[in-house]
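Hi,

Here is the structure I said I'd pass on. Have a look at it first, and then read my notes below.

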Amino acid sequence: MALKAAMAVTGAILVLYLIAHMYGNLKIFSGQEAFDGYAHSLRELGYPMLPESGFLWIFRVVLLASVLIHAYAAVMLWRRANKARPAAQRYQVKKKVDRTYASYTMRYGGVLIALFVVFHILHLTTNDIAPGGASDSPYERLVNGFQPEFWYVTLFYVLSVIAVGLHLRHGIWSALATLGANRSSRQGKLNAVAVGIALIVTVGFLLPPLAVTFGLVS
């Protein structure tokens, strides 16, 4: 139960972060000044009580801890489930489908997301990977990196964000079940909530790179 609760709590932290990050990304449609200004304001949060970028580093530590705890809990629960399942046990068709969906969404999708996060940081945060050219401007880094000639970067981003959406949908549903909210009378509404949040986050993250690739933002 403690592992499931840890997954639910850390998952909630990660969902809130994704929504906040999505909000910041969408500022690209307000132009370079607004986008770069927002990025700069994040570095000044808590100043002068905290040093410049102090809040960001605290938040990064919390976020990293959440990711590690979330991943650890997921692996441990998966191992426990495998040990508890008899080797000869067979599943009905629906359970097989559900189990396959969960496996690909939460485990294999999680691996893709982890690789994407590393690439995303190196690309748009540290500027170590710079298709289209490095820049001190967050706006220019994003616009440079998703130009049509770098379609493979956009494709990787799209696939990864879709994986995030599938992970979210299943994760939110599982978290609600863990917290006891997933009762039979509420299943329809809770499923709609899980799907709705996943769709909003997925579309919100896909809009900026696709807008750049298709020339709507330059």
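What follows is a short tour of what turned up.

First, the ground rules. This is a predicted model, so local features were kept only at pLDDT of at least 70 and side-chain atom pairs only at pLDDT 80 or more, while totals for chains, interfaces and linings use all residues. Residues are numbered from 1 along each chain as its sequence is written, and side-chain values rest on heavy atoms, with hydrogens and water left out.

**The overall fold**

The protein chain has seven helices and zero strands. Helices here are DSSP runs of H or I with at least four residues, strands are runs of E with at least two, and the numbering starts at the N terminus. Read along the sequence, the pattern is α-α-α-α-α-α-α. Of the 218 residues, 34% are buried (buried is under 20% relative accessible area, exposed is over 50%, and partly exposed is in between, with a 1.4 Å probe and protein chains only). Take the contacts between residues at least 6 apart in sequence: 67% of them join residues at least 24 apart (a contact means heavy atoms within 4.5 Å).

**How the helices pack**

Two packed helices are described by the angle between their axes and the distance between the axes. The axes are lines fitted to C-alpha atoms, for helices over the stretch in contact, and the angles run from 0 to 180 degrees between N-to-C directions.

Start with α1 (residues 2-25) and α7 (residues 187-213), which pack at about 35° with their axes 9 Å apart. On the α1 side the contact uses Val15, Leu18, Ile19, His21, Met22 and Asn25, and on the α7 side Ile197, Ile200, Val201, Gly204, Phe205 and Pro208. What kinds of residues are these? They divide into nine nonpolar, three polar and no charged.

Next, α2 and α5 cross at roughly 115°, and their axes come within 8 Å. Gln32, Phe35, Asp36 and Ala39 of α2 meet Pro138, Tyr139, Glu140 and Leu142 of α5. This contact divides into five nonpolar, one polar and two charged residues. Helix α5 is mostly covered, with six of its eight residues buried: Pro138, Tyr139, Arg141, Leu142, Val143 and Gly145.

**Aromatic rings**

A search of the whole structure finds ten aromatic pairs. Rings of Phe, Tyr and Trp (its six-membered ring) pair if their centres lie within 6.5 Å; planes under 30 degrees apart count as stacked, over 60 as edge-to-face and the rest as tilted.

One of them joins Phe116 and Phe156, edge-to-face at 6.0 Å centre to centre with 70° between the planes. Phe116 sits in α4 and Phe156 in α6 (residues 151-178), so the pair ties together parts 40 residues apart in sequence. Phe116 is buried at 9% relative accessibility, whereas Phe156 is partly exposed at 27%.

Phe116 also pairs edge-to-face with Tyr157, at 5.2 Å centre to centre and 80° between the planes. Tyr157 lies in α6 too, so this pair ties α4 to α6 across 41 residues of sequence. Tyr157 is buried, at 5% relative accessibility. Ring pairs link Phe116, Phe119, Phe146, Phe156 and Tyr157 into a cluster.

Elsewhere, Arg60 lies over the face of Trp57, 4.7 Å from the ring centre (a charge sits over a ring if NZ of Lys or CZ of Arg is within 6 Å of the ring centre and within 35 degrees of the ring normal).

Most residues other than glycine have a negative phi, and most peptide bonds are trans. Where does this model depart from that?

- A cis peptide bond joins Tyr47 and Pro48, with omega about 10°. Pro48 is in the loop between α2 (32-43) and α3 (54-84).
- Ser53 has a positive phi, near 70°. Ser53 is found in the loop between α2 and α3 and is buried, at 16% relative accessible area.
- Asn127 has a positive phi of about 70° although it is not a glycine. Asn127 lies in the loop between α4 (93-125) and α5 (138-145) and is buried, with a relative accessible area of 19%.

Cheers

Key
Nonpolar A, V, L, I, M, F, W, Y, C, P; charged D, E, K, R; others polar.
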